There are 2 protein chains.
Amino acid sequence: MNLKTPIKITGIGKYLPKKILSEDLEVNFNIPNGWADKNSGVQQRYWTEAETVGYMGAKAAQQALDYSNTNIKEIDLLISAGASFDHIIPNQASVIKSQIKDADEYNFPALDINTTCLSFLTAFQYAAQVLNEKTKKILIVSSEVSSKHLDENNWETLTLFGDAAVAVIVEFDASNESYLIKSEHRTYSKGVNLTKIEGGGIKKPFKFFPYDKELHSFQMKGKNLLKLANIELPKFMDDFFKNTDYEIQNLDKIIPHQASKLGLLLFKKMFSLNNDIVLETLHKYGNCIAASIPLTFVDAIENQIIKRGDICLLCGTSAGFAIGGLLIKY
Amino acid sequence: MNLKTPIKITGIGKYLPKKILSEDLEVNFNIPNGWADKNSGVQQRYWTEAETVGYMGAKAAQQALDYSNTNIKEIDLLISAGASFDHIIPNQASVIKSQIKDADEYNFPALDINTTCLSFLTAFQYAAQVLNEKTKKILIVSSEVSSKHLDENNWETLTLFGDAAVAVIVEFDASNESYLIKSEHRTYSKGVNLTKIEGGGIKKPFKFFPYDKELHSFQMKGKNLLKLANIELPKFMDDFFKNTDYEIQNLDKIIPHQASKLGLLLFKKMFSLNNDIVLETLHKYGNCIAASIPLTFVDAIENQIIKRGDICLLCGTSAGFAIGGLLIKY
C-alpha cells in the first residue's frame with residue numbers, strides 16, 4: 001500500500017560554521033596524523049566559535065527562502081528539528097524564528113521536534129501529515145552544534161562530530177508529483193543507555209554538578225550500538241518495504257545518517273548496496289546529529305546527484321535507541 | 001467550519017513529587033509569611049528531590065495505562081510534551097519510555113514536542129492529526145521539573161513554580177463522540193526575550209559558563225508579558241472563534257495555563273468569564289510549565305467537574321512568546 005502523501009521540497013539551504021578543522025584538529029589535540037580519517041572517516045568538520053544554533057538555523061532558513069523565492073510571510077509553520085538548543089527556555093524554533101529577517105512581523109507557530117539524529121525525518125513526516133490547502137508551506141530547520149559537548153580525551157567522538165544547519169521548505173503539492181511514500185520510526189528502549197550526555201539536564205542539574213568533561217560530553221558505546229543495529233536494522237527494513245512497490249536495492253538514492261565510518265560500511269554490506277546509491281558526506285562534514293541526513297540530501301540536490309522524481313530513502317539510527325526510515329519521491 | 005477531528009481521551013494519570021512546600025518555603029528563604037499566596041497566588045507546590053523527569057513521566061503514564069485498562073503493547077506512539085529533560089541526549093520521550101514497565105519489549109516510536117508551556121496543546125493537536133485506523137492509541141506525557149532552575153533571590157519565580165507529571169492516552173474515536181474542534185498556535189517573536197533561561201545551552205555553554213544563579217535560572221519580565229498578552233490575546237480569541245459555532249463565553253469549561261495569579265485574573269476580566277467556568281489549580285500546584293494545563297484538566301475529570309461531552313477550551317501563553325488554543329469536545 002502506497003499512500004503517496006503529497007509533499008514537495010521547494011527550498012533548500014544550509015549554513016556551515018566559518019571554522020574548518022582538518023589535520024589541525026589532530027595537531028591541536030596530540031592525535032597521531034591520519035588517525036581521524038582512518039578511524040572516524042572524517043577528513044574535516046566545521047565547528048562553531050561564536051555562532052549559535054539560532055544564528056546558523058536562521059542563516060540556513062534564509063537561504064531556503066531565497067532559493068524558492070518565498071517571502072517569510074508565506075510560511076505557515078516553522079519546525080526546529082534537532083537536539084541542540086541555545087537556551088533551555090524558550091524552545092529552539094522560537095529562537096530561530098526571532099532571528100529570521102522580518103519573521104517577527106508574522107505570527108506563524110514555531111515548534112520543536114526532537115528524536116535526536118532522526119529529528120529531520122520525524123519533522124518531515126509531521127509536515128506531510130499537516131500540509132493541506134490551509135497549511136501550505138512549512139519551514140523545517142535542523143541546526144546542530146555538537147562541538148560544545150565533546151571530551152578532548154575521547155578521540156572517537158572528538159574527531160567524528162561536526163556542526164551544521166540545514167533548512168528545507170516543504171509545500172503541499174496538489175499535482176502530487178512529489179510525495180511521501182512511507183515513514184516508520186521505532187524506539188528500542190534496551191539501547192537507551194548506549195548514547196548519552198549524562199549531565200546538563202534534570203537528572204544531574206548544573207546547580208549541583210559542576211562542569212566535568214565526562215559528565216557533560218557525548219558518550220557512546222560504539223560496539224554495542226553496532227551490535228544492536230546489526231540485529232534490528234535488517235528486521236526494520238524487511239518490514240519497511242513489505243507492502244510497498246519498492247525494495248532497498250532498487251531505489252534511486254539512499255541517504256543514511258552519517259553516524260560513523262564503520263556504521264556506513266556495515267549498512268552497505270548488510271543490504272548489498274552500491275557506493276553510487278548510498279550518499280556519503282561523513283568525510284567532509286562529520287556526524288552533524290540531526291543535520292546529517294538533510295545536509296547530505298541538500299548537498300546531493302545542489303550537485304545534481306538527486307534529481308526531481310528520484311525515489312529516495314532517508315534512514316538512520318539515533319540515540320534512544322531508534323531506527324527511522326522515510327521513503328519519498330523527490 | 002467545524003472539522004471535528006475524532007480524538008478521545010481514554011486514560012488519565014498524574015504524578016506529584018513527594019515533597020510539598022507551603023509556608024515552609026517562605027520560612028526557608030526568609031520570605032515574609034503570606035507573601036507567596038498574596039503575590040503568586042500559590043499556597044503550596046510540589047518540588048522534586050531525587051525524582052527525575054523520566055521517573056515522574058513513567059509514573060503518570062502507568063496510571064493512565066491502568067486507568068484505561070490499556071496494555072503498553074497497544075500504544076502506537078509516545079509523545080513527551082514539555083520543556084524539561086533529564087539528559088541533553090537522548091530525547092526525553094526515549095527516557096520516559098525506557099522507564100515504563102515492559103515498554104522495552106515494544107518498539108513504538110518516542111518523540112519530543114516542545115513549545116514550552118503550550119507543549120501539551122501542540123502534542124494533542126498532532127495526535128488528533130495522526131490518529132487513524134492504524135495509529136490508534138497515543139500516550140502523551142508532560143513531565144516538568146522547574147524547581148532546579150529557580151533563583152532563590154527571585155521571590156516571584158521561586159514561589160510561583162512547581163513540578164508535576166501528567167499523562168493522557170488519546171484514541172481514535174470512530175463513533176466521533178469526542179473530537180477536536182479547533183486548534184491554533186501563534187508565535188510572536190517580539191516577545192522572544194521576555195521569558196528565558198539564558199544559560200545551559202549552546203549560546204552560553206556550561207563548559208565556559210559555570211553555574212550562576214541568574215544565568216541558569218528562569219527569568220521573566222512579568223509586566224512586559226502581561227502587556228503583550230493584553231494586546232494579542234483579544235485578537236487571538238476573536239480570530240479563533242470566528243467560523244466556529246462557539247463563543248468564549250458559552251463554553252462548558254475553560255482550562256487556562258496556570259501562568260500567574262495576575263495572568264489568570266486579567267484573562268477572566270478580559271473576556272468577562274465566570275469563576276466557575278475557568279478552572280484554576282495555581283493555588284495548590286503552582287505553575288508547572290507544560291504540565292499545568294493537562295494537570296488542571298485531569299484534576300477536573302477526577303473531580304467530575306469536567307464531564308463526557310463537555311466543550312472545553314484549553315489555552316494559554318508560553319515562552320517564545322506564543323499563544324495557543326485548543327477547543328475539544330471531551
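Modeller: The following account begins with the contact between the chains and then turns to the strands that take part in it. This is a predicted model, in which local features need pLDDT of at least 70 and side-chain atom pairs count only at pLDDT 80 or more, whereas totals for chains, interfaces and linings use all residues. Residues are numbered from 1 along each chain as its sequence is written, and chains are lettered from A and ligands numbered from 1 in the order in which they are written.

In total, 58 residues of chain B are in contact with 58 residues of chain A, two residues being in contact if their C-beta atoms, placed from the backbone, lie within 7 Å. On the side of chain B that touches chain A, two or more residues come from each of strand 6 (87-89), helix 4 (92-99), strand 7 (110-114), helix 5 (119-130), strand 10 (179-187) and strand 11 of chain B. Helices (H or I, at least four residues) and strands (E, at least two) are DSSP runs, numbered from the N terminus. By residue type, this side of chain B holds 26 nonpolar, 21 polar and 11 charged residues. Here Ala, Val, Leu, Ile, Met, Phe, Trp, Tyr, Cys and Pro count as nonpolar, Asp, Glu, Lys and Arg as charged, and the others, Gly among them, as polar.

Strand 7 (residues 110-114) of chain A pairs with strand 7 of chain B in the antiparallel sense, over three bridges; two strands pair if DSSP finds at least two bridges between them. Asn114(A) has Asp112(B) as its bridge partner, and Asp112(A) has Asn114(B). Within chain B, strand 7 also pairs with strand 5 (residues 77-81), in the parallel sense and over four bridges. There, Leu78(B) stands opposite Ala110(B).

Strand 7 of chain B is mostly covered, with five of its five residues buried. A residue is buried if 20 or more other C-beta atoms lie within 10 Å of its own, exposed if 12 or fewer, and partly exposed in between, with C-beta atoms placed from the backbone. Ala110(B), Asp112(B) and Asn114(B) lie on one side of the strand, and Leu111(B) and Ile113(B) on the other, so that both faces are covered.

Finally, Ala127(B) touches Ile7(B), Ile79(B), Ile138(B), Ile140(B) and Val170(B), not counting residues up to four places away in sequence.
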